[in-house]
There are 4 protein chains.
Amino acid sequence: MRDRPPVQPAQERWDSWMETPLTVMALVYLAAYAVRILGHDLAGSLRDLCLALTYAAWAVFIVDYAVRVRLSGLGLLRFVRHHFLDTVVVILPLLRPLRIVSVYDRVQRRRDQPRLTLYARVMAYAGLTASLLGFAGALTVYHFEYTAPGATIRTFGDSVWWACATLATVGYGDVTPVTPMGRLTAVGMMGVGLALLGAVTGSFSSWLIQAFTRDDEKEDGKRPPGDSPGAS
Amino acid sequence: MRDRPPVQPAQERWDSWMETPLTVMALVYLAAYAVRILGHDLAGSLRDLCLALTYAAWAVFIVDYAVRVRLSGLGLLRFVRHHFLDTVVVILPLLRPLRIVSVYDRVQRRRDQPRLTLYARVMAYAGLTASLLGFAGALTVYHFEYTAPGATIRTFGDSVWWACATLATVGYGDVTPVTPMGRLTAVGMMGVGLALLGAVTGSFSSWLIQAFTRDDEKEDGKRPPGDSPGAS
Amino acid sequence: MRDRPPVQPAQERWDSWMETPLTVMALVYLAAYAVRILGHDLAGSLRDLCLALTYAAWAVFIVDYAVRVRLSGLGLLRFVRHHFLDTVVVILPLLRPLRIVSVYDRVQRRRDQPRLTLYARVMAYAGLTASLLGFAGALTVYHFEYTAPGATIRTFGDSVWWACATLATVGYGDVTPVTPMGRLTAVGMMGVGLALLGAVTGSFSSWLIQAFTRDDEKEDGKRPPGDSPGAS
Amino acid sequence: MRDRPPVQPAQERWDSWMETPLTVMALVYLAAYAVRILGHDLAGSLRDLCLALTYAAWAVFIVDYAVRVRLSGLGLLRFVRHHFLDTVVVILPLLRPLRIVSVYDRVQRRRDQPRLTLYARVMAYAGLTASLLGFAGALTVYHFEYTAPGATIRTFGDSVWWACATLATVGYGDVTPVTPMGRLTAVGMMGVGLALLGAVTGSFSSWLIQAFTRDDEKEDGKRPPGDSPGAS
C-alpha cells in the first residue's frame with residue numbers, strides 16, 4: 001500500500017462519486033448472470049435482457065477502469081502493476097463481488113460502531129469472500145457442466161454442494177467437474193479455499209497468541225509484589 | 001465481551017440459578033433426540049416420549065431466553081446482537097451441547113486444580129466441541145439420509161465415519177449425503193471442521209512461538225555475562 | 001511438565017537403565033507385528049514366534065510401567081493423570097514407536113552436534129511420528145481389511161497409499177476401510193494427520209514471524225542513525 | 001545456514017559462473033522431459049533428441065555437483081550433510097526447477113526494485129514452487145499412468161487436474177494414480193501440498209499478527225496522553 005504513488009484529488013473525487021454506482025453494477029452483474037444461467041427455462045427475451053445487463057455492467061467497469069488509469073497519471077502498465085486486483089476484476093467481472101467486501105467494511109466504519117476486532121473482521125471478510133466467490137464459482141461450474149456428457153454436476157444444488165466441499169478443502173469427489181472450463185474454475189476455487197483456510201487458521205493462531213500474552217500479563221498483575229511465583 | 005452492557009444482578013442470579021437445569025436439559029435434549037432417531041425399531045410410545053422430551057427441553061430453552069431478554073433491559077433486537085450465539089442455540093437446539101463446553105470449563109475452575117495451560121484448554125475445547133457437534137451432526141445426517149433413495153449413508157456407523165472424515169477435512173467421499181437437508185447439515189459441519197483445523201494449527205503455532213522464545217531466553221540466561229555469542 | 005511432582009533418584013536410575021531395552025523392545029514389537037500381519041503365507045511356527053515376541057514385548061512394557069508407578073510414589077490414579085501418554089502407550093503398544101522419537105532426540109543431543117533449530121526439530125519430529133504411526137496404522141488397517149467382503153484395501157500397498165492420503169488430509173477415497181475396526185484406526189490416523197498439518201503450518205508460521213522480526217532489526221541496524229526511514 | 005563452513009572464494013566464483021548455465025539446463029531438462037512424455041506421437045528421432053538433452057542436462061548437474069564437492073574442501077559425506085537439498089536435486093533432477101525459484105529471487109533483488117514484503121515473497125515462492133513441482137509431478141504421474149490397465153488418469157489434462165486437487169489437499173479422488181510409481185510421486189506431491197498449505201496459512205497468520213500490532217500502536221498514538229482507555 002505504502003509503495004503506491006500519491007492519490008490525486010481528482011482520482012479521489014471519482015472514486016467517491018463512483019462508489020455507489022459500481023456496487024450497484026456489481027450486484028446487477030451477479031444477479032443478471034445468475035438469472036441467465038439458472039433460468040434456462042425462461043423466455044428467450046428475458047434471458048437476452050439479462051445478457052444485455054451483464055454486458056452493460058461490464059462496460060461500466062471498463063469505463064471506470066479507463067478513467068482511473070487516466071486520472072492516476074501513470075501509464076497503463078504502471079497502473080496495472082500498482083492496481084493488480086482491479087485489473088483482474090475488470091477482466092473477470094465475476095470476481096467483482098469482492099468489491100462489495102470492501103464497501104461493507106466502509107459502511108461498518110461509517111456507522112460509528114465500536115470497531116470489530118481485527119479477528120472478527122478477518123473472519124467476516126473471509127466468510128463474505130468465500131460466500132460470494134463460492135456462489136459465483138458454483139454458477140460458472142454449473143453453466144459449463146450441466147449439459148456435458150458424463151457430468152455428475154447436474155443441478156445447481158449439486159454445484160453449490162460441490163463448491164462448499166471444495167472451499168472447505170474437504171473434496172468428497174461424489175460430484176466433480178468433467179469439462180476443461182469447469183475444472184479451470186474449480187482450480188481457482190481451490191485457491192480461494194486455501195486462502196480461506198489460511199485466514200481462519202491465521203486469525204485463530206494470532207488470537208491465541210494475543211490471548212495468551214494478555215493472560216500472562218493479567219496474572220503478573222494480580223500477584224502481590226514480592227510473592228514468589230508458585231506452580232503456574 | 002467487553003462491548004456488552006453491564007450485567008444486572010437479577011440477570012446474574014438467574015444465570016447461576018439456571019445453570020444446572022439448562023445443562024441437564026441440553027443433555028436430555030441430545031439423548032432424547034439420539035434415541036428417537038437411532039431407535040426407529042422401538043415401540044411408538046417410547047419414541048413419542050422422546051419427542052415430548054425434546055419439545056419440553058426446547059420449551060425450557062425458549063423460556064430461559066425470554067427471561068434473559070427481559071432481565072437484560074435491552075430490547076429483543078439489541079439482545080440478539082449482543083448474544084448472537086445464544087440466539088442461534090435457541091433456534092437450533094442441537095447446537096446447545098456447546099453450552100456443555102463452557103460448563104466443563106467452569107467446573108474445571110471450581111475444582112481449584114492447577115489451571116490447564118491455554119493450549120491444553122484450546123485443545124480440550126476443540127476436541128469436546130468437535131465430538132459433540134460431530135455426534136449431533138452425524139445423528140441429523142443419518143436421520144435425513146437413511147431412507148433416501150440412492151443414499152450411501154445407510155447405518156449410523158456410516159454416518160459417524162462420514163462425520164469424522166468431514167471434521168478432519170479428509171473427505172474420502174465413499175459415503176456422502178445426497179438429500180438437500182443432509183447436505184445443508186454437512187456444510188455446517190465443514191465449517192466446524194475448518195474451525196477445528198484452525199484451532200489445532202493455531203495452538204500448535206503459538207505454542208511453538210512461545211517455546212522458541214523461552215528456549216532463546218534460557219540459552220541467554222545460561223551463557224555467562226560478557227561471553228560473546230557463538231554459532232547458536 | 002512443570003506441574004509434575006519431582007522425580008525420585010531411583011526413578012531416574014530406572015529410566016536410564018531401561019532406556020535401551022525399551023527402545024529395542026519397541027522395535028521388536030513393531031517388527032514382529034509387521035511380520036505376523038504381512039507374512040500370512042509364512043509357516044505357522046514363524047507366525048507363532050512373532051506372536052510370542054509381540055506378547056513378550058508387551059509384558060516388558062507393562063512391567064516397566066508398574067515399576068515406574070511404584071517408584072514414583074504416587075498412586076496409580078495420580079500417575080495416570082501425570083503420565084497420560086505413557087498410559088496410552090502401555091494399552092496400545094502399537095503407539096510405542098513414539099518413544100523412538102524421543103530417543104532419537106536424546107541421541108542427537110549426546111552426539112554434541114550443533115543443535116538443530118526448533119523448527120527443524122519440530123519438522124523432524126512430525127515427519128518421524130507421521131512415518132511411524134502411518135506405518136503402524138497401515139499395518140493395522142490392512143490386517144482388518146484385506147479379508148473383509150467388499151474391501152477396497154486388498155494389498156499392503158493399497159493400505160500405505162491410503163494412509164499417506166489420510167495423513168496429508170487429502171483423502172482421495174479411491175480405497176477406504178469398510179470394517180468398523182479399520183475405520184476406528186482410520187479416525188485415529190485422521191487425528192494424527194490434523195496434528196501433522198498443525199505442526200507443519202505452525203512451524204512455518206512461527207519461522208516466518210521470527211524471520212520477519214530479524215529482517216526488520218537488520219534493516220534498522222543497517223540504516224545510519226538519524227536517517228529518515230523511506231518507503232520500506 | 002549459519003552452521004555451514006565458510007565459503008571459499010573459488011567456490012563463490014564457480015557458483016556465479018555456473019548460475020546462468022545451470023538455470024538454462026534446468027529449463028532444458030524440464031522442457032525436454034515434457035516433450036518426450038507428452039509427445040508420444042512424435043517421430044522417434046525427436047523423442048531420442050529429447051532423451052539425449054535430458055541426459056546431457058543431468059550430466060551437467062552431476063559435474064557441477066562434483067566440482068562443488070571438490071571446491072568445498074569437505075569430504076563427500078560432510079558436503080551431503082551440509083547441502084542436503086542440492087544432493088536431492090542431483091539425484092532427482094526433476095526437482096531442479098526449485099533452483100529457478102532462488103534465481104528469480106536474485107533477479108528481483110538485482111533490479112533494485114522496492115523489495116517485496118516478506119509475505120508477498122513467501123506467497124510468490126510458494127506459488128512458483130507449487131506450479132513447477134505440480135507441473136513436473138503431473139508429467140511424471142501421466143507418464144506412469146496413461147498406459148496402465150484400469151487407470152483413471154488417461155490424458156495430461158486429467159493429470160494436471162489431479163495434481164491441482166492434490167496440492168490444494170482437496171483430493172476429490174475422481175481420478176487417482178493406480179501404479180506404484182505413480183502413487184510414490186503422488187505421496188511426494190502431498191508433502192508439497194502440506195508445505196504449501198503451511199506457507200499460505202503461516203504467512204497469513206504472521207501478517208495478521210503484525211497488522212494487529214501496528215493497529216494497536218496506531219491507536220495508542222492517536223489517543224491523547226492522559227486519556228483513560230475506554231472500551232476498545
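B:Thr169 counts as buried because its relative accessibility is 2%, where buried means under 20% relative accessible area, exposed over 50% and partly exposed in between, computed with a 1.4 Å probe on protein chains only. This threonine lies in the loop between helix 7 (156–167) and helix 8 (180–222) of chain B, and B:Thr169 has a positive phi of about 55° although it is not a glycine. Most residues other than glycine have a negative phi.

In chain D, D:Thr169 is placed in the loop between helix 7 (156–167) and helix 8 (180–222), and the phi of D:Thr169, near 55°, is a positive value in a residue other than glycine. D:Thr169 counts as buried, since its relative accessibility is 1%.

## Basis and confidence of the model

This is a predicted model, in which local features need pLDDT of at least 70 and side-chain atom pairs count only at pLDDT 80 or more, while totals for chains, interfaces and linings use all residues. Residues are numbered from 1 along each chain as its sequence is written, chains are lettered from A and ligands numbered from 1 in the order in which they are written, and side-chain values use heavy atoms, with hydrogens and water left out.

Chain A averages a pLDDT of 78, and 76% of its residues score at least 70; pLDDT is the predictor's confidence in each residue, from 0 to 100. Among the elements of chain A, the highest mean pLDDT, 93, belongs to helix 7 (residues 156–167), and the lowest, 61, to helix 5 (residues 98–110). Over residues 222–232 of chain A the pLDDT is below 50, and this stretch has 2 contacts in the model beyond near neighbours in sequence, a contact being heavy atoms within 4.5 Å. Where pLDDT is low, the predicted coordinates should not be read in detail.

## Architecture of chain A

The secondary structure of chain A comes to 8 helices and 0 strands, where helices (H or I, at least four residues) and strands (E, at least two) are DSSP runs numbered from the N terminus. Of the 232 residues in chain A, 44% are buried. Among contacts in chain A between residues at least 6 apart in sequence, 64% join residues at least 24 apart. Chain A exposes about 12,200 Å², of which carbon and sulfur atoms supply 65%; these accessible areas come from the Shrake-Rupley method with a 1.4 Å probe, and for residues only the protein chains shown count as cover.

## Nonpolar core

The largest nonpolar core has 156 residues, and those with the most contacts inside it are A:Trp162, B:Trp162, C:Trp162 and D:Trp162; such a core is a set of buried Ala, Val, Leu, Ile, Met, Phe, Trp, Tyr and Cys residues joined through side-chain atoms within 4.5 Å. Leaving aside neighbours within four places in sequence, D:Trp162 has contacts that include D:Val141, D:Ile153, D:Ala186 and D:Met189, and also C:Tyr172 from chain C.

## Aromatic pairs

A search of the whole structure finds 40 aromatic pairs over all chains, where rings of Phe, Tyr and Trp (its six-membered ring) pair if their centres lie within 6.5 Å, and planes under 30 degrees apart count as stacked, over 60 as edge-to-face and the rest as tilted. The rings of A:Tyr29 and A:Phe61 have their centres 6.2 Å apart and their planes at 50°, so this pair is tilted. The pair links distant parts of the chain, with A:Tyr29 in helix 1 (residues 9–38) and A:Phe61 in helix 2 (residues 44–72), 32 residues apart, and both A:Tyr29 and A:Phe61 are buried.

C:Tyr142 and C:Tyr146 form a stacked pair, at 4.7 Å centre to centre with 20° between the planes. C:Tyr142 counts as buried at 6% relative accessibility, whereas C:Tyr146, at 26%, counts as partly exposed. In chain A, one aromatic cluster is formed by A:Phe135, A:Tyr142, A:Tyr146 and A:Phe156.

## Cysteines

The search finds 0 disulfides over all chains, a disulfide being a pair of cysteine sulfur atoms within 2.5 Å. A:Cys164 is partly exposed, with a relative accessible area of 22%, whereas D:Cys50 is buried, with a relative accessible area of 7%.
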